[in-house]
Amino acid sequence: MSFTKKILILSFLLVLLNFSFLHIVSAEENQRGDLTREEIIIEAQRSLDRSLSIFNIVATFVSVMVTILAIIIGIAGAAGFFKYKEWKAVIQEMERDLKQVKEVARDAEREAKEAARDAKREADTITQIRNEAEEDLNALRSGFGDLPTISLTEKPSEEDMEKLDEFIRKFDVFETLGASLKAEDYMTRGIAFYYRDKYYSALESFKKAIELKPDLAVAWFNKGAMLDRLGRSEEALESLEKAIELKPDLADAWFNRACLYALKGERENALADLRRAVELDPSWKEEAKKDKDFEALWDDEEFRKLVA
């Protein structure tokens, strides 16, 4: 196999590699959804430029080699070391190979341009799908009203539960398509998981809500409630403390922390937190009377006065 034919094969493999890179980028963006349409098109153009640059370099290199060899042959022929006709045949073969390289380069340029157009069409399709997902998400949000901030002690109606189930089914699609999800959206999913007894999934949703909005007190409260459900009481206390720090008038957080203290046998802390919860919301009195977390305090005189 001649030297130039080897160069030809190498260059062809290089352009195939670039085409593969272009389609990999496009496939990744379909999954990630974190680049804009313009960024996808720019990446496609860069891939096209790389392909053209490789072939231009190869073609130029072969052309220079032919020229240098022709000069060497001329000098050698003048010196009488080589037979002119034999070297002329070599030069003609290299010129044919160079022509083939240039033809492959033109074909590669045409295919690269087609690939860039395909990438642009895919970017337009992704943009359209994302826009439709945004519209669908907004429609679901409008149907929930104040549901994302609902207390975990207030079970939604059956109608709202159906909406929550629908939200769970569509949520992964929204994430994949790169829809603009908010902390409240993750709160909604967490609540949906909670009422389907999927506490670990609910916990992960509340964590994501906190990641997006660290000062969202109700997210910290819900996280604490899930940790409690999962038997991680110390972590639950930390989350409830954070919720109270962010929103001192969040009665639910005071009550839940009182429950945890009561279960730990910390009477003074339990009564102090329960007192604050009742001050903020007197309805917690009735809840404390029947909540088995306070069972050890039901005969306590101070507890009885507090819930009377």
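**View 1. Helix 8 packs against helix 9 in this predicted model.** Here helix 8 (residues 233–246) and helix 9 (residues 251–264) meet at an angle of about 150°, and their axes lie 9 Å apart. Angles over 145 degrees count as roughly antiparallel, so helix 8 is roughly antiparallel to helix 9.

**View 2. A closer look at the residues between helix 8 and helix 9.** From helix 8, look for Ser233, Glu234, Ala236, Leu237, Leu240, Glu241, Ala243 and Ile244. Their partners on helix 9 are Ala253, Trp254, Asn256, Arg257, Leu260, Tyr261 and Lys264. Sorted by class, the contact of helix 8 with helix 9 holds nine nonpolar, two polar and four charged residues.

**View 3. Helix 5 packs against helix 7.** Moving to another pair, we find helix 5 (residues 183–194) and helix 7 (residues 217–229) packed at an angle of about 25°, with 11 Å between their axes. Since angles under 35 degrees count as roughly parallel, helix 5 and helix 7 are therefore roughly parallel to each other. Helix 5 passes helix 7 in a left-handed crossing.

**View 4. A closer look at the residues between helix 5 and helix 7.** Helix 5 brings Met187, Ile191 and Tyr194 to this contact. Facing them from helix 7 are Val218, Ala219, Asn222, Met226 and Arg229. The contact of helix 5 with helix 7 comprises six nonpolar residues, one polar and one charged.

Methods. Residues numbered from 1 in each chain as written. Predicted model: local features only at pLDDT ≥ 70, side-chain atom pairs only at ≥ 80, totals over all residues. Heavy atoms only, no water. Axes fitted to C-alpha atoms, helices over the stretch in contact; angles between N-to-C directions. Helix = DSSP H or I, 4+ residues; strand = E, 2+ residues; numbered from the N terminus. Parallel < 35°, antiparallel > 145°, perpendicular 65-115°, else oblique. Left-handed = near helix turned anticlockwise from the far one by under 90°. Contact = heavy atoms within 4.5 Å. Nonpolar A, V, L, I, M, F, W, Y, C, P; charged D, E, K, R; others polar.
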